[in-house]
Amino acid sequence: MATSPVFSSIILPAKTPTTIRSKSLNPFVPSSISSTWVLFSHSKNHYYHLQSSKKSDFKVFSSTTEVVRETVTKKPSKVLPFRVGHGFDLHRLEPGYPLIIGGISIPHDRGCEAHSDGDVLLHCVVDAILGALGLPDIGQIFPDNDPKWKGAASSVFIKEAVRLMDEAGYEIGNLDATLILQRPKVSPHKENIRANLSELLGADPSVINLKAKTHEKVDSLGENRSIAAHTVVLLMRK
């Protein structure tokens, strides 16, 4: 009976070619390992999965190669025709801050207290896209303790999420977002917000939907002390 394939992961330098050929890795990887297991990039390293029918093959890895995952026997995830993601965000409203929703400045007596510009809608959309792609959330990719993102426009985060989506081979199928705030009224600004969101995402306005709800004067949302947003996004394979 044939031996089940064994999978392992190793870290290689970021400059390593994205197509791995076994001969280029000798003496770290034996020639019996198949030559094209390319996965995904993350931060400073590329992660590659290599396949072999012999568990003993993995014993010849050089000590200079860091093994980052124990050998497992499950198969790689399938390429899906579509993916669904959900995003949620909430910020406190405080005097002295601008209120920016979907990249649009909204006149109000208070705004979102946050490390960046506090755009609750764009943060929520970014998390929905990242979630659909199975990636870390916005706080891990753009940590709020990094001075680089202090006061940053949230359009920067959206552009990175769109880049990752494009690299993965997906595009926006449709997006449905709900804002929750007691004041101010969003309806006079809704079309501007939707148009700007469509442009940032590179999507037709017809697939972008935006709703706004009050919180019936209940808790911090209803008392005009915070603002929240939910987003559901459908990504379609290109």
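Visitor: Where does Asn 224 lie, and is it buried or exposed?
Guide: This is a predicted model, in which local features need pLDDT of at least 70, side-chain atom pairs count only at pLDDT 80 or more, and totals for chains, interfaces and linings use all residues. Residues are numbered from 1 along each chain as its sequence is written, and side-chain values use heavy atoms, with hydrogens and water left out. Asn 224 is placed in the loop between α6 and β11, where helices (H or I, at least four residues) and strands (E, at least two) are DSSP runs numbered from the N terminus. Its relative accessible area is 2%, so Asn 224 is buried (under 20%; exposed is over 50%, partly exposed in between, with a 1.4 Å probe and protein chains only).

Visitor: Which value does phi of Asn 224 take?
Guide: Most residues other than glycine have a negative phi. Asn 224 is not a glycine, yet its phi is positive, at about 60 degrees.

Visitor: In which helix is Asp 219, and how does its accessibility class follow?
Guide: Asp 219 also has a positive phi without being glycine, near 50 degrees. It belongs to helix α6, residues 219-222. Because its relative accessibility is 38%, Asp 219 counts as partly exposed.

Visitor: How are helices α2 and α4 oriented to one another?
Guide: The axes of α2 (residues 120-133) and α4 (residues 155-167) come within 9 Å and cross at roughly 20 degrees; axes are lines fitted to C-alpha atoms, for helices over the stretch in contact, and angles run from 0 to 180 degrees between N-to-C directions. Angles under 35 degrees count as roughly parallel, over 145 as roughly antiparallel, 65 to 115 as roughly perpendicular and the rest as oblique. Therefore α2 is roughly parallel to α4.

Visitor: Of what classes are the residues in the contact of α2 with α4?
Guide: Contact means heavy atoms within 4.5 Å, and among the residues that make it are Leu 122, Val 125 and Ile 129 of α2 and Phe 157, Ile 158 and Leu 164 of α4. Ala, Val, Leu, Ile, Met, Phe, Trp, Tyr, Cys and Pro count as nonpolar, Asp, Glu, Lys and Arg as charged, and the others, Gly among them, as polar. The division is 11 nonpolar, two polar and no charged.

Visitor: How does α2 lie against α5?
Guide: Leu 121, Leu 122, Val 125 and Ile 129 of α2 meet Ile 193, Leu 197, Leu 200 and Leu 201 of α5, a contact of eight nonpolar, no polar and no charged residues. The two axes come within 12 Å and cross at roughly 40 degrees. That angle makes α2 oblique to α5.
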